Amino acid sequence: MEMVKLKVNGKEIQVEKGTTLGEIFKALGIEDAIGGKSGSKLIDLLTPIRENMEIVPIHRQDPESLEIMRHTLSHIMAQALKELYGYEKVHLGVGPTTEEGFYYDVEVEGHTISSEDLPKIEEKMREIISRNYPLFRKELSREEAIKLFSDMKENYKLDIIARIDPQDTISIYGQDGFTDLCRGPHVPSTGMVGEFKLTHVAGAYWMGDSSKPMLQRIYGIAFWDRKELEERLRFYEEAKRRDHRKLGRELELFLIEDEVGAGLVIWLPKGAILRKTLEDYWKEEHIKRGYQLVYTPHVGNAKLWQTSGHLDYYRPNMFSPMEIEQEEYFVKPMNCPFHIAVYKSKVRSYKELPLKLAELGTVYRYEMSGVLHGLMRVRGFTQDDAHIICTPEQVEEVIQETLEFAVEMLRSFGFEDFKVYISTKPSDAIGSQEQWELAEGALKKAVEKIGLPYEIDEGGGAFYGPKIDVKIKDAIGRLWQCSTIQFDFNLPERFDMEYVGPDNKRHRPYMVHRAIFGSIERFVGVLLEHYAGLLPLWLSPVQVKVIPISPEKHGDYAREVEAYLKNKGIRVELDLRDERLNARIRDAELQKIPYVVVVGDKEVESRSLSVRSKKEGNLGSMTLEQFLNMLTEKIRNKE
């Protein structure tokens, strides 16, 4: 009899090899555990233990228990689909857990799953849960697994089996008449799952490959506690209300039309004003800090992208080349090589460094259609890009100044809660150890000096340098990736960048890539969702709506108010429609215009305004000058 040595809850024991975890816990009197953990690996009660290890029991109150429970719910959903639409008509892909729940990729012959189907699927799932079927686990040889899933006509499972390492164990799990290829872990029976809700259906290419079939991905969320589930559902409703795609249509800011091109943004007049406001502010702040603005082409010769390495490392994300006079050109996925061309346009002295080159440069990247998402993930976008070229001695000061600038800019848009990640040297890094130590040290010192909490992403840097990522927390607690400060030891070498030092010799500079917003498109999307469309006054495309009670009777004074405010730089609209006053005020509120000015007999006579604030309600009567002073002060302070 072969034995294995275990340490369970600090107690050392020996058990027969192949004893299940459930049997081990039972013998030790450990009750109510739904699984175990060895290091970072989760193990369910059905799994036989065949090697020496230390095991910690997992109970419902432990965070890891959610993953085990949610995984079982994905199987219960798969069984429900089979029972509803036919075992031979439902073909299963993969059904993993997510941060808050689970999903399953499926193909249903003769039927497209829609949101209307979700209540019916949920009802069937609850039936299966109420039956409290015990789960079973079985290990198969590769040949047995292939035969089983061939007989079941589960071609996607056969594809998975073909990808499994020959040394790995192949296991199946099941309950009642349902069987699935799975590594686990699972709870012991269907009745032991928590509270759940199916949320939505999306499309997903098999294995993320657009040349393969499109499956339907059915999402669910799950928690042990009903209250926690309901809170999360309320969060989803709030997120739905704030969806920038919906707000973009309602506020007439932008369009993304398939007939124009998936992932390509058309900015409508109001969106263009918002974008211009952002860009003007960005340019002013950069010029103040010694950045030099540049403009570079949208396409570049293939030789440029060969030198930069993009053709070797990034070609799948680049759009197809065009031929011009027997030479290949690509639309740019990055701005960096062009900024390097600016740097190399003349011999540079150490006295010119650090040189800060900045551009709102539009780039184009081929993203799979399945990952495109409004302004957040597009194929053409404008990076708020900058490249800082400096000497090794200047690195620490450059990083600190750059990070301070990024945080200051983000704060001016109302963000105060930041999460910072420092990604360090990966195994395939280029550059000397000395360079990496200098760069990583500069990143850490900058974050610590500013007083921001940070986490280290060990080995998460790019092969060409470490980086800082700054994430901002929005009004409902979601984190968004914005600013990046990235070292680069690669491009200065590839492009043979040099500067003349105080010793009159040539030296290799350091290069830092930097974006604050990330991209204009994505940042606008984040702003819309953070503010639920009610943007701060200084950013709002229309800041004031002027509404005469009677367009005919009070229209002249309303036009005078409009002209006065426009002349003072206020973005104002006049509503002279022959509609009821309440309807026009309501329309202005739906358009999330910060201030509505109503004028009637009293206002015409006293040369005043009746002012309503979208956020603060009725502000009462003001003179035109008082109203302008209030607006000017709020805009200046970016309230």
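User: Which residue in β21 does L293 stand opposite?
Analyst: L293 stands opposite A358 in β21. The model is predicted. Two bridges join strand β17 (residues 292–293) to β21, and these strands run parallel.

User: Which strand do ten bridges join to β21, and how do the two run?
Analyst: That partner is strand β22 (residues 380–390), and the two run antiparallel. Within this pairing, L360 stands opposite D384 in β22.

User: Is strand β21 largely enclosed or open, and why?
Analyst: In a regular strand the side chains alternate between the two faces of the sheet. Of the ten residues of β21 (residues 355–364), nine are buried, so the strand is largely enclosed by the rest of the structure.

User: How should I read salt bridges here, and how many are there?
Analyst: Side chains of opposite charge can pair when their charged atoms come close. The count comes to 53 salt bridges. One of them joins the side chains of K303 and E327 (3.0 Å, N to O). This pair links distant parts of the chain, with K303 in helix α9 (residues 302–308) and E327 in strand β20 (residues 327–331), 24 residues apart.

User: What about D474 and R478, buried or exposed?
Analyst: Their side chains meet in a salt bridge (2.8 Å, N to O). D474 counts as buried at 5% relative accessibility, and R478 is buried too, with a relative accessible area of 17%.

Technical notes: Residues numbered from 1 in each chain as written. Predicted model: local features only at pLDDT ≥ 70, side-chain atom pairs only at ≥ 80, totals over all residues. Heavy atoms only, no water. Buried < 20%, exposed > 50% of the residue type's maximum accessible area, 1.4 Å probe, protein only. Helix = DSSP H or I, 4+ residues; strand = E, 2+ residues; numbered from the N terminus. Pairing = 2+ DSSP bridges. Salt bridge = Lys/Arg side-chain N within 4 Å of Asp/Glu carboxyl O.
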